[in-house]
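Keep the sequence and the 3D view side by side as you read.

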Amino acid sequence: MPVPIRRLVVALGLCCALLAGATACGSGGTTQDTAAVVAAATPTPTTSAEKQKFAKTRFVVNAGLAAGATYQWIVKPWKAGKFKKGAKGRRLALVKAGLAGAFTYNRLKAATKNAQGDPTLAKAVAPLAAGIDALKDLPSKLRKGDSTDAVVGSFDDIINDVKDAGKSAGAEVTDQVPSASQLAG
């Protein structure tokens, strides 16, 4: 009776793991050797220049996702007239816009936090914090269909301000449309 390949692979894997574990336990190494291996494996903190570089990169990604979501699911449908009463697909467009608004708010808050890692970027983004905080209640207004023109204008203005602040600090933001799973998450 033939033995399935899956069982052979599992048995071989277990044998190798047991053999490797027994060899490691019986190596007779000193605690100094173990401490040296642990110290070598411990990652070292990044330099401040690397932290600043990563701060700009994370800022660009988060702000780009916010800009992409705003344009794709808020500004573009608004320009197409999807938010007007009686428009075909209005309810679905408003729900998507509400989700995109919440996503945008979340990514802009993350971008603001990322900007703190770079002094130039932090100074450029600091005046926008109040405007970003003002976006917090707007997604629910979008979902309900309340004063969509003003709400869309607020999102578009803040996104453009964030893009301008990033550009002035050397971190140019480009729109990146998030996937549906990113938007829902």
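Start with the surface: the protein exposes about 11,700 Å², and carbon and sulfur atoms supply 61% of that area. Accessible areas here come from the Shrake-Rupley method with a 1.4 Å probe, and for residues only the protein chains shown count as cover. Of the 185 residues, 32% count as buried. Buried means under 20% relative accessible area, exposed means over 50%, and partly exposed is in between (1.4 Å probe, protein chains only).

Before going further, a word on what you're looking at. This is a predicted model, in which local features need pLDDT of at least 70 and side-chain atom pairs count only at pLDDT 80 or more, while totals for chains, interfaces and linings use all residues. Residues are numbered from 1 along each chain as its sequence is written, and side-chain values use heavy atoms, with hydrogens and water left out.

How much confidence does the predictor have? The average pLDDT (the predictor's confidence in each residue, from 0 to 100) is 79, and 71% of the residues score at least 70. Keep an eye on residues 34-45, where pLDDT stays under 50 and the model has 0 contacts beyond four places in sequence. Contact here means heavy atoms within 4.5 Å. Where pLDDT is low, the predicted coordinates should not be read in detail.

Now for the fold. The protein has 9 helices and 0 strands, so from the N terminus on the elements simply run α-α-α-α-α-α-α-α-α. Both kinds of element are DSSP runs numbered from the N terminus: helices are H or I over at least four residues, strands are E over at least two. Among contacts between residues at least 6 apart in sequence, 77% join residues at least 24 apart.

What sits in the middle of the largest nonpolar core? That core has 39 residues, and those with the most contacts inside it are F59, L108, L142 and V162. Helices α3 (48-79), α4 (90-115), α5 (119-125), α7 (138-144) and α8 (148-168) each supply at least two of its residues, with the largest share, 10 residues, coming from α3. A nonpolar core is a set of buried Ala, Val, Leu, Ile, Met, Phe, Trp, Tyr and Cys residues joined through side-chain atoms within 4.5 Å. Take L108: leaving out residues up to four places away in sequence, L108 touches A66, I132, L135, I158, I159 and V162.

Stay in helix α4 and find T104. T104 has a relative accessible area of 0%, so T104 counts as buried. The side chain of T104 reaches the backbone oxygen of A66 at 3.4 Å. Beyond four places in sequence, T104 also touches A69, T70, F155 and I159.

Next, move to L138 in helix α7. L138 is buried, at 11% relative accessible area, and is in contact with V151, S154 and F155 once neighbours within four places are set aside. Over in helix α8 is T148, which is buried at 10% relative accessibility. Apart from residues up to four places away, T148 touches W78, F83, L94 and L142. In the loop between α7 and α8 you'll find D146, which counts as partly exposed because its relative accessible area is 37%.

Finally, the charged pairs. Side chains of opposite charge can pair when their charged atoms come close. The structure holds 2 salt bridges, each being a side-chain nitrogen of Lys or Arg within 4 Å of a carboxyl oxygen of Asp or Glu. In one, the side chains of K109 and D133 meet at 2.7 Å, N to O. That pair links distant parts of the chain, with K109 in helix α4 and D133 in helix α6 (residues 129-134), 24 residues apart. K109 is partly exposed at 36% relative accessibility, and D133 is partly exposed at 39%. In the other, D175 pairs with K163, the closest N and O atoms being 2.6 Å apart. Here D175 sits in the loop between α8 and α9 (180-184) and K163 in helix α8, 12 residues apart. D175 is partly exposed at 38%, as is K163 at 23%.

Notes:
Polar contact = N/O pair within 3.5 Å; in protein donor to acceptor, adjacent residues only side chain to side chain.
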